[in-house]
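Keep the model at hand while reading.

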Amino acid sequence: MSYAYLFKYIIIGDTGVGKSCLLLQFTDKRFQPVHDLTIGVEFGARMITIDNKPIKLQIWDTAGQESFRSITRSYYRGAAGALLVYDITRRETFNHLASWLEDARQHANANMTIMLIGNKCDLAHRRAVSTEEGEQFAKEHGLIFMEASAKTAQNVEEAFISTAATIYKKIQDGVFDVSNESYGIKVGYGGIPGPSGGRDGSVTQGGGCCS
Amino acid sequence: MQEAELHDLSDDPDYVASQQQGSGGSENQKCTRKSNGPTEPNGSEVVYSKDNVAIHPTQYASERISGRLQLIKRDLSLFMTWIPYKQSASYGVGQGSRVKLPEKDRNLYTIRAVPLTDVRSIRRHTPTLGWQYIIMVLTSGLAFPPLYFYNGGVREFLATLKQHVFLVRSADDANVFLVNDLQDPLQRSLSSLELPRAVPVANVASSSSSLASVHSDDNSNQRSNADYHDSSFSPTESVGRHRQKVRDPARDLSIQVLEKFSLVTKFARETTSHLLRESQIFDNIGGYEKQQQVHSSPVKNQVGGDPVSQELQDKNQIISDPLEKIACRNGKLCEAAATLVGTFELIDSKEAEQQSLVWGKPRLPPLGHEEWATFLDEEGRIVDSKALRKRIFYGGVEHGLRKEVWKFLLGYNEFHSTYAEREFLETMKRSEYETIKHQWQSISPAQARRFAKFKERKSLIEKDVVRTDRSIPFYDGDENPNVGLLRDILLTFSFYNFDLGYCQGMSDLLSPILFVMEDESEAFWCFVSLMERLGPNFNRDQNGMHSQLLALSKLVEFLDSPLHCYLRQADCLNFFFCFRWILIQFKREFVYEKTMRLWEVLWTHYLSEHFHLYMCVAILKKHRKKIIEERMDFDTLLKFINELSCHITLEATLKDAEALCIIAGENKAACIPPGTPPSLPVEGGLLE
């Protein structure tokens, strides 16, 4: 399937906050409570439409454990967007946000759009982090913020799409040189060709939603 | 092929020399006659002769067997011979073998008048360092061991060949020359699909004659004998391309089965593995009789004729093939089979076309109970642990036997321990396990509140065990007690080795072990043993992983320099895309059963304790073309590698990895620095 743009996303955050479940909900529209833990990195992809333009999101779902940080850092390279996820029922996952953000700032490109997601909002009765605290943290660090639930699918679509919308707007505003793929954006057919011309959409194995 | 220039060779000095130098003395020419070589010296013409062409039966060049390579033309046919020098003569030649090998060993490699119609392709290797060599692949899918041209001259050899047979450079690989290849690719593909009767006659003759080399006395293969006796292997027939031939039903049957390359290869493998199995069993019980039978089979046609069966009496002296020699210096296993097929290496022709990668030995069926019993003495000691490890390396273990065998492979039970000692150990270890387990079980909630590290670990483990292999029946369903066992064992381990603690990936490694052991304490101790090897994978600073990735990079540089070159350009030399493979030993790349098979093979540490790295190289090499052609960048490559999961053929990859491991030979020491996990401090026994 052809796309105007391809955006690379990376999902980061502590282990067990629901990164893989968010991805699965977004790509497959289902919640799978029993799911093998992520070793290294997993991939997902889906087409969305923004401003009538088909945009392919290629999403990298990373392992959350601290030990793997040195490897995870290499995945930031060329990501246009990041979903930074914490679990609203586990305070420590919120406390670690600063360290994740530091990694992201250090290893990703400066214009990467970061969406902060407080996951598991269906478990409000076990909430350990208030919505306000999440908002506050996002504001302080210039992030977009949403609470979401991979289980109920609440805000999952919105989180991924509004991140894409932000990136798309940055393109329109000329923040990126889209011909430079280190920004995590590839131009496909129907996209706005950069100075060096567009790239063939087939390079990223177009099609399937579960690639 | 031009007009035949016939003349008597008795006045040809080269021919006379070859007569004198040919090993096996007077029998030499007789054997040639028996095989499908020239029947009479007169009427033959030596069109090419090259001295100091050697075969390396071992990884050491110093143990080479030197000889003379010749192309002989007779009637319209061209034959290739390679006759090793006689031992005494070789010293005179100067560059001959420095190591004295038994004469019979040398004979095994003798190539007696193979018609070029039997040759499918010739691969040329002209490394910048080291000697040029060629590998000849027969139409049957078998290949001769590399022929090293110590005085150079590969180009000349090919040029001569080109004057006499139809030689075409492979489109896929400039170093591969297809022999007698049909020009029209369409025709070629048709011919491989055609029904027997339509098969070009040249192929017919070659298939059946070269197959005689892998036919055994296997009862299920009576056809082989019939085939052998029925067909008259005269050289004129071998050039059958130019002739019409009367077919007999037996031949047609064999063609039908064998014409397609894949089938030929499969057949050859099955036959070989049967032989290996048989010979091994008989080896264990010390039976010579069967070996004699084996060697009186038609196979001698290719491997050297009559002398072989007599010489086999001294079986421990037999050199088999390069793989065999390295693998088995004490020559305990597989001699018979190695003798029968040992001068060949199996090549999957489909693969060969793509990758030209020489395959390892045929895989065996998994080790079963009966055979296992032959490895034990009355008191339960494993008499020859190396033979056992070799056996398992080539075939794995039947599932029902894993519970017993894995404990040895992992080093939890020592090979030389007796039944009684193992029973005692088990009791001791069971109570020791309970003691360690009690350490964390006795932590009260109040204590836990003040023990953040414990709480953190416990919660991490609890989060992970419910995300480990839950689709496997053994772990599926709510409140599955086995999931609880995973948790208990991992928590206990994190107390047993508090410094290492728990890290993601460990549950993946434990899961099959618990599944096999079905016992908490036994699974724990086996896991402990495995962590003795793989613990560095989980170091907080990831140094164990980084050192393996570095070793992998060096191996790829050595074994597949074009790929290494490409990865350098693409800035992918960190090999992070192989991270998951190495961290959990391919656990996520294969289905459960295959993972267990792979692990027991890896745990033998048979050819290398770093065999998993050769697995990586084998897989990468297989996809090298795609990786390079599609100019994959880091992201694309990572994704591509991830998506190979469950699309890797285990047995084929093991064979490739074996071949690569052999090829790496002595150089692997330079590629894999000491201490690279899972290197252990050498404690004798397990590692030589």
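## Chain A: burial and fold

Chain A has 211 residues, and 57% of them count as buried. The model is predicted. The accessible surface of chain A comes to about 8,100 Å². Carbon and sulfur atoms hold 51% of that area.

Chain A contains six helices and seven strands. Their order along the sequence is β-α-β-β-α-β-α-α-β-α-β-α-β. Take the contacts in chain A with a separation of 6 or more: 73% of them join residues 24 or more positions apart.

## Nonpolar cores

The largest nonpolar core has 150 residues. Within this core, B:Met506 and B:Phe577 touch the most other members. What does B:Met506 contact, leaving aside neighbours within four places in sequence? The partners are B:Leu490, B:Phe493, B:Leu500, B:Gly501, B:Phe527, B:Met531 and B:Phe538.

Another core lies apart from the largest one. This other core has 35 residues, including A:Tyr5, A:Phe7, A:Ile55 and A:Val85.

## Aromatic pairs

Over all chains, the count of aromatic pairs is 36. One of the pairs is B:Phe393 with B:Tyr606: the ring centres are 5.2 Å apart and the planes stand at 50 degrees, so the pair is tilted. B:Phe393 has a relative accessible area of 1%, so B:Phe393 is buried. B:Tyr606 also counts as buried, because its relative accessibility is 8% and the cut-off is under 20%.

A second example is B:Tyr433 with B:Phe524. Why is this pair tilted? Its planes are at 50 degrees, with the ring centres 4.8 Å apart. This pair, too, links distant parts of the chain, 91 residues apart. B:Tyr433 belongs to helix α21 (residues 419-441) of chain B, and B:Phe524 to helix α26 (residues 520-534). B:Tyr433 is buried at 0% relative accessibility. B:Phe524 is buried with a relative accessible area of 0%.

Both B:Tyr433 and B:Phe524 belong to one aromatic cluster.

## Charges over rings

Chain A provides two cases. A:Lys8 lies over the face of A:Trp60, 3.7 Å from the ring centre. The charged end of A:Arg69 sits over the ring of A:Trp100, at 3.6 Å from its centre.

Key:
Residues numbered from 1 in each chain as written. Chains lettered and ligands numbered in written order. Predicted model: local features only at pLDDT ≥ 70, side-chain atom pairs only at ≥ 80, totals over all residues. Heavy atoms only, no water. Core = buried A, V, L, I, M, F, W, Y, C linked by side-chain atoms within 4.5 Å. Buried < 20%, exposed > 50% of the residue type's maximum accessible area, 1.4 Å probe, protein only. Contact = heavy atoms within 4.5 Å. Phe/Tyr/Trp six-rings, centres within 6.5 Å; stacked < 30°, edge-to-face > 60°. Helix = DSSP H or I, 4+ residues; strand = E, 2+ residues; numbered from the N terminus. Lys NZ or Arg CZ within 6 Å of the ring centre and 35° of its normal. Areas by Shrake-Rupley, 256 points an atom, 1.4 Å probe, with all protein chains shown as cover.
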